[in-house]
Amino acid sequence: MLVAISHHAKLLILDETTAGLDVIARDEVLDLLREFMEQDDKHSILISSHISSDLETLCDDLYMIHQGRIILHEETDILLSEYALLKVDKTQYEKIDKQYLLRVKEEPYGYSCLSYQKQFYIENYPQITIEKGTIDEVITMMIRGEQL
């Protein structure tokens, strides 16, 4: 990575760049990558990582790949602001408008539902539990949840 940056590469392709690093080293690597991106608007990074907090602060777009297929592509800001995990009991699930649900997973209490329209459910279903969607939760629901 450092060699590519020092040679002013336009594109960095990185795989698990921060895996195995301690907190300080990880932060320094992420700072280097941010500086690389800020130096020139033509710089790009394609990064593969299982550390979602790295992705949240570094990436503009996220692609989730499962079994060799892209299962979700979204802008990071949209994913973090508009996606939500709805937690509903069986009665609420039967009555809820499902048009904005991507995945559903049966739980002991009822259902977890992944939505890409958090505000719709906040405005129309104030009685249900709505949690902010994190990258980890979205990944889990996209893989383990059932598609509607």
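**Exercise 1. The aromatic cluster**

Find which residues ring pairs link into a cluster, and classify the pair formed by Tyr-100 and Phe-120.

Solution. The model is a predicted one. Ring pairs join Tyr-100, Tyr-116, Phe-120, Tyr-121 and Tyr-125 into a cluster. For Tyr-100 and Phe-120, the ring centres are 4.8 Å apart and the planes stand at 65 degrees. Planes over 60 degrees apart count as edge-to-face, so this pair is edge-to-face. The pair links distant parts of the chain, 20 residues apart: Tyr-100 is in the loop between helix 5 and strand 6 (101–107), and Phe-120 is in helix 6. The relative accessible area of Tyr-100 is 23%, which makes Tyr-100 partly exposed.

**Exercise 2. A second ring pair**

Classify the pair of Tyr-93 and Tyr-111, and state which charged end sits over the ring of Tyr-93.

Solution. The whole structure holds six aromatic pairs. In the pair of Tyr-93 and Tyr-111, the centres lie 4.1 Å apart and the planes are at 25 degrees, so the pair is stacked. Tyr-93 belongs to helix 5 (residues 90–95) and Tyr-111 to strand 7 (residues 110–115), so the pair ties together parts 18 residues apart in sequence. Tyr-93 and Tyr-111 are both buried. Over the ring of Tyr-93 sits the charged end of Lys-98, 4.5 Å from the ring centre.

**Exercise 3. Strands 1 and 2 with helix 2**

Describe how strand 1 and strand 2 are joined, then check the length of helix 2 and locate its buried residues.

Solution. Strand 1 (residues 11–15) and strand 2 (residues 44–48) run parallel and are joined by five bridges. Together with helix 2 (residues 23–39), the two strands make a right-handed β-α-β unit.

Next comes the length. Helix 2 has 17 residues, which at 1.5 Å a residue should span 24 Å; the end C-alpha atoms are 24 Å apart, so the values agree.

Last come the faces. Val-29, Leu-30, Leu-33 and Phe-36 are the buried residues of helix 2. Because they cover an arc of only 115 degrees around the axis, they are on the same side of helix 2. The face turned away from that buried side carries the exposed residues Val-23, Ile-24, Glu-38 and Gln-39.

Conventions. Residues are numbered from 1 along each chain as its sequence is written. This is a predicted model: local features need pLDDT of at least 70, side-chain atom pairs count only at pLDDT 80 or more; totals for chains, interfaces and linings use all residues. Side-chain values use heavy atoms; hydrogens and water are left out. Rings of Phe, Tyr and Trp (its six-membered ring) pair if their centres lie within 6.5 Å; planes under 30 degrees apart count as stacked, over 60 as edge-to-face and the rest as tilted. Helices (H or I, at least four residues) and strands (E, at least two) are DSSP runs, numbered from the N terminus. Buried means under 20% relative accessible area, exposed over 50%, partly exposed in between (1.4 Å probe, protein chains only). A charge sits over a ring if NZ of Lys or CZ of Arg is within 6 Å of the ring centre and within 35 degrees of the ring normal. Two strands pair if DSSP finds at least two bridges between them. A crossover is right-handed if, with the strands pointing away from the viewer, the path from the first strand over the helix to the second runs clockwise. The expected span of a helix is 1.5 Å times one less than its number of residues. The arc is that of the directions from the helix axis to the C-beta atoms.
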